[in-house]
Amino acid sequence: MEEKRFRKNDDSFVCKNCGKTVEPLGYSSRNHCPFCLCSLHVDINPGDRANECGGLLRPAWVETDPRKGYIIVHKCEKCGEIRRNRAAHEAKVQPDDIKLLIKLTVSHS
């Protein structure tokens with residue numbers, strides 16, 4: 001039997017970078033802070049929390065996709081891995097900082 005590649009894990013958490021409390025999205029797995037856009041390198045597949053690295057994933061730049069919208073590209077400070085994650089700038093609860101998303105989009109152009 002094939003294991004699912006996505007596990008919903010939408011718990012609140014305190015951001016390891018800025019210290020702010022991050023509330024659940026309610027419809028998907030929130031894995032980054034909406035205030036500073038940082039994340040932790042804890043997943044192999046979304047929501048599984050199976051990665052032992054645990055490094056801080058900093059937003060390196062943001063890409064735009066016509067279907068998916070803003071895509072945050074994170075780089076792990078510990079192991080250097082690059083990870084992509086869809087932004088939640090239209091979320092009803094704590095939307096991602098749109099000004100920071102745009103800044104990271106422009107700085108990558």
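**Core and helix**

A: The largest nonpolar core has seven residues: L37, V62, Y70, I72, A87, L101 and L104. This is a predicted model, where local features need pLDDT of at least 70, side-chain atom pairs count only at pLDDT 80 or more, and totals for chains, interfaces and linings use all residues. Residues are numbered from 1 along each chain as its sequence is written, and side-chain values use heavy atoms, with hydrogens and water left out.

Q: What is a nonpolar core?
A: In soluble globular proteins, nonpolar side chains tend to be buried together. A core here is a set of buried Ala, Val, Leu, Ile, Met, Phe, Trp, Tyr and Cys residues joined through side-chain atoms within 4.5 Å. Buried means under 20% relative accessible area, exposed over 50%, partly exposed in between (1.4 Å probe, protein chains only).

Q: Which residues does L101 contact?
A: Leaving aside neighbours within four places in sequence, L101 touches L37, V62, Y70, I72, A87, H89 and D96 (contact: heavy atoms within 4.5 Å).

Q: How do I read a helix face?
A: An α-helix has 3.6 residues a turn, so residues three or four places apart point the same way. Helices (H or I, at least four residues) and strands (E, at least two) are DSSP runs, numbered from the N terminus. In α1, L101, L104 and T105 are buried. Seen down the axis of α1, they fall within an arc of 105° (directions from the axis to the C-beta atoms), so they line one face. On the other side of α1, K99, K103, V106 and S107 are exposed.

Q: What covers the buried residues of α1?
A: The cover includes β4 (56-65) and β5.
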